[in-house]
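Here is a short report on a structure. Keep the sequence and the 3D view open while reading.

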Amino acid sequence: MKRFKYLLNKIKWAVFALLFVLVLNFFLFRVLPGDPARAGVKDPRMTADSQQAIRVRFGLDKPVINCFVSLNPLKLGNCLINPLQTQFFIYFGNLLQGDLGISYQTNRPVGEMLGGFLLNTLILIGFGQIIAIFLGIFLGLIAAWKSHTAIDFGAMTFSLVAWSLPTFWLGIVLLFLGSTYLGLPVVGKFSAGMSLQEGWLKFLDVAKHLILPTLTFTVVMLGEYMLIMRSTVLEVLSEDYILTAKAKGLNTFQILVDHALRNAMLPMVTIIALNLGFTVAGAIQIESVFSWPGLGLAIFQAVNRRDYPVLQGAFLIIAITVIFANLFAELLYSYLDPRVQAS
Amino acid sequence: MLIITILIAVFAPILAPYNPKSGENVSISDIYQPPSAQHLLGTDDAGRDVLSNFMYGARVSLIVGFFASFISVCIGGVIGISAGFFGGKIENTLMRFTDIMIVIPDLPLAVVLVALTKPSLLNIIFVIGILGWTGTARLIRSQTLSVKERKFVLRARAIGSGNFHIIAKHIFPLVLPLLVANSVLVISLAILEESTLSFLGLADPTTISWGQMLNFAFTRGGVSSGAWWALLVPGLGIVWVVLGLTLLGHGLEQIFNPRLEWHHLSVNPKMIDRKEDVKNG
């Protein structure tokens, strides 16, 4: 029962976060200046008919929400209209049907454009995360065990420098080095024509394109994971049960793996979940540098073309994914450590 | 490390060999020139001197870093202290709101906000500022919680001090050191975020920043023409400042909020000594 209540509570807050993001997204699009749909409507060269046509196309002819025709709080409108006929609820209805609006640039539905991109981003993040987490846990453990030695100092220096590197810049440097000296492909997901190939050849080509972006991602994430793992293990290693284990005559390897590592893993789950926002930021930068066709590249291109619907759609997809991933991590944590359900 | 950067930024007009804003006579042969006696760090995609741009760019990075983190730390401090001090419903509401803000990924939201409000220096500072306070709020809340439990707060309450007085005179001074250490780390995050936004193409077009220099060099053929000087220099500047701030921040945190450095498996076991130290000191 307690477990069920805990689950319900977590899901409730995830839904709140989701609603917050959706409402924010709705109002951002309508409040802030520089909204091109409206800028277009204000263009003096347009006839009244074509202005109205644009309004209808973007749904701007309907009142924003009950009682408010526009977002001007002084201009109140009719409160008794059908709420389903207001922009606010039409927006939600469209979202439920997976409709994220229409791109200004390509005139295609945003949802259709971004659908495939999400998978590519997940591939990149997935590979990078797995390598970074394993290496980070391993190196962090070693650094904590050998604290105050040259190994620890080296590991600390590396992680602090990796943490200070702007991700996109590291990407550029690796791109420069990789393409000049190693002859690795640096742009996109396939070589020209490879997307038509099947099977092994195609897989190998994609893998080659993944090397440099994944390397960049790993270095950036590794620094942080190592720092956190090190401080967690340091804390665990000064617990009394470590001293007991040592007194029992267990060898160092056993103590490190069976006692320290297991107990240090729990906080790592939380940190990895809390870090998802940072992860996404890294992916955006890396995709922009390497033209990896994911959500980050979509954002980069949308910024340069001032394509707001794509920008907002990408933000929405990322935010929703991160919220769900976070929820999953919290549920995983409660499964791993049943004590948190009690508190 | 920081002092050097600040000096460069302050004295940029004196130190820089060229003024980046003056329209010089640029010919096609000036573009992406390698470092020479005339241009110590070469020229960029528009034939401008990289060294001068670099010096002026330091100003934008530092200004954005300081002001944005000032906003963040103020919001985070107020939320953290009031959540920790008042407890109950106020704490619940504030911390739940903080949790929601933590979950929402910063960078995509910042991109959307800056893109919609037009990228100007003020907007960038404001957006980075209002998105960066969550970590500070959490840290300050937990510190306030521990300070609140101390005896002198109870005593102050016993002699009839009001909430505001207790916060201002008793809580805030004890939270301040941690707040300062944290704000140094927040500055480094803000500088990184600013450079990322400018690299993505959301820089104030009237100023020069390091991220923007990288954007120009990257999107305008710097890689294919092998212009490593235009790509390397601004990036190294960012690393230099952020690393300096991070070291300073961690150092301050270590002083104000010391963590363990020795343990039972240490090569040079000092656990027992340390415990003695703790008892004595």
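## A loop residue in chain A

A:Ser291 sits in the loop between α11 (276-290) and α12 (295-305) of chain A. Helices are DSSP runs of H or I with at least four residues, strands are runs of E with at least two, and both are numbered from the N terminus. The phi of A:Ser291 is near 50°. That is a positive value in a residue other than glycine.

Is A:Ser291 buried or partly exposed? A:Ser291 is partly exposed, because 16 other C-beta atoms lie within 10 Å. Buried takes 20 or more such atoms within 10 Å, exposed 12 or fewer, and partly exposed falls in between, with C-beta atoms placed from the backbone.

## Basis of the model

The model is predicted: local features need pLDDT of at least 70, side-chain atom pairs count only at pLDDT 80 or more, and totals for chains, interfaces and linings use all residues. Residues are numbered from 1 along each chain as its sequence is written, while chains are lettered from A and ligands numbered from 1 in the order in which they are written.

## Chain B

Chain B has twelve helices and zero strands. Of its 281 residues, 44% are buried.

Contacts pair residues whose C-beta atoms, placed from the backbone, lie within 7 Å. Among contacts in chain B between residues at least 6 apart in sequence, 72% join residues at least 24 apart.

## Where the chains touch

Chain A puts 56 residues into the contact, and chain B 46 residues. On the chain A side, helix α13 (residues 308-336) gives the most, with ten residues.

Key. Two residues are in contact if their C-beta atoms, placed from the backbone, lie within 7 Å.
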